[in-house]
Amino acid sequence: MSLILFACLLDLTFGDPVYRLHPVRLIGDLSALIERQFFARGWNERWGGIAHGLLVISAVFAVWLGIRAGAAWIHPQLALLWDLYLAYSLLCLRDLLEQGRRVLRNLDDLPAARNQLTQLVGRDTAPLQRDGIVRATIESLAENLTDAVLTPLWALCLFGLPGLLAVKVISTLDSMIGYQNQRYQQFGWAAARSDDFIHWLPARLSVLVIALAAALLRLHPLLALRTAWRDHALLPSPNSGWSEAACAGALRVRLLGPVWRNGQVVNERFIGNSAWPAELDATDLQRALTLILVCYPLALALGLSWQ
């Protein structure tokens with residue numbers, strides 16, 4: 001429990017450390033290296049993707065345990081510090097909130113706000129006006145609440161550092177090769193399906209956490225529950241719609257709306273009741289940031305209760 005609490009405190013205080021040798025970057029480098037070797041040998045089918053994922057996870061665990069053993073040989077406390085460093089590096093709530101705050105600070109300068117938004121979303125940002133920028137930012141915050149915050153935190157609480165390492169490796173692999181394109185249609189299948197699996201339960205539990213946070217903030221907890229149940233399937237992902245729809249209900253706003261990718265409109269539907277506002281502004285984004293922040297101690301308390 002001490003490891004979890006200290007790691008969360010470091011994350012909230014200092015944020016995700018940004019440097020070339022960050023563990024997630026190294027995992028990405030390892031994945032790319034093994035991928036090149038596999039493709040060079042023609043191992044680019046579904047079974048190759050499965051083997052690639054198992055090899056990356058095995059290598060990451062071997063490095064963690066090897067360094068830990070060496071640190072423990074020098075002094076037992078060094079092994080604990082190594083575990084704390086990894087746990088802190090792989091939790092990223094403050095970094096997520098800071099990215100949202102950068103968009104908020106730049107809302108009066110639309111080109112700058114769009115540029116900041118590219119750090120959060122993969123859609124085209126050039127067509128977005130102020131309200132669209134705010135909606136897209138809130139959607140990304142809500143989606144990443146599950147992917148980047150709740151799943152890693154609860155994995156750490158339930159399975160310790162091995163669980164946290166496993167989910168971060170899977171998430172990294174999905175972000176690199178889990179695409180439905182010609183190169184990764186088969187090779188990335190395992191990464192994409194594994195990512196869907198690890199986030200399945202946290203995505204649905206996120207609705208309860210968001211609703212409770214909404215109640216504490218005197219927002220709209222019942223609307224969070226109803227909207228999540230009704231509108232979660234509006235998104236193609238099996239998981240992201242739950243937290244996004246719950247946040248829309250909690251804030252009583254419409255999200256999603258027109259979405260452009262590669263110059264084409266790929267969505268025009270809204271999440272939320274048609275009577276709710278969709279022309280959102282800085283106040284709405286600030287409320288969303290506060291909502292996400294309040295979710296964290298609630299999620300932490302829930303995770304610690306499982307130990």
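Let me start with Arg 287, which forms a salt bridge with Asp 284, the closest N and O atoms being 3.1 Å apart; by salt bridge I mean a side-chain nitrogen of Lys or Arg within 4 Å of a carboxyl oxygen of Asp or Glu. Because they are 3 residues apart in helix α11 (residues 282-305), Arg 287 and Asp 284 are separated by about one helical turn, where helices are DSSP runs of H or I with at least four residues, and strands are runs of E with at least two, numbered from the N terminus. Arg 287, at 24% relative accessibility, counts as partly exposed, whereas Asp 284, at 12%, counts as buried; buried means under 20% relative accessible area, exposed over 50%, and partly exposed in between, with a 1.4 Å probe and protein chains only.

Before going on, a caution: this is a predicted model, in which local features need pLDDT of at least 70 and side-chain atom pairs count only at pLDDT 80 or more, while totals for chains, interfaces and linings use all residues. Residues are numbered from 1 along each chain as its sequence is written, and side-chain values use heavy atoms, with hydrogens and water left out.

The structure holds 11 salt bridges, and one of them joins Glu 35 to Arg 183, with the closest N and O atoms 2.8 Å apart. This pair links distant parts of the chain, since Glu 35 lies in helix α2 (residues 23-40) and Arg 183 in the loop between α7 (130-177) and α8 (189-216), 148 residues apart. Glu 35 counts as buried at 6% relative accessibility, and Arg 183 as partly exposed at 41%.

In helix α5 (residues 93-105), Glu 98 and Arg 101 are 3 residues apart and therefore separated by about one helical turn; the closest N and O atoms of their salt bridge are 4.0 Å apart. Glu 98, Arg 101 and Arg 105 are linked in a network of salt bridges.

Turning to helix packing, α9 (residues 221-231) and α10 (residues 240-251) pack at an angle of about 140°, with their axes 7 Å apart. The axes are lines fitted to C-alpha atoms over the stretch in contact, and angles run from 0 to 180 degrees between N-to-C directions.

Finally, the surface: which element holds Ile 74? Ile 74 is in helix α3, and at 59% relative accessibility it counts as exposed.
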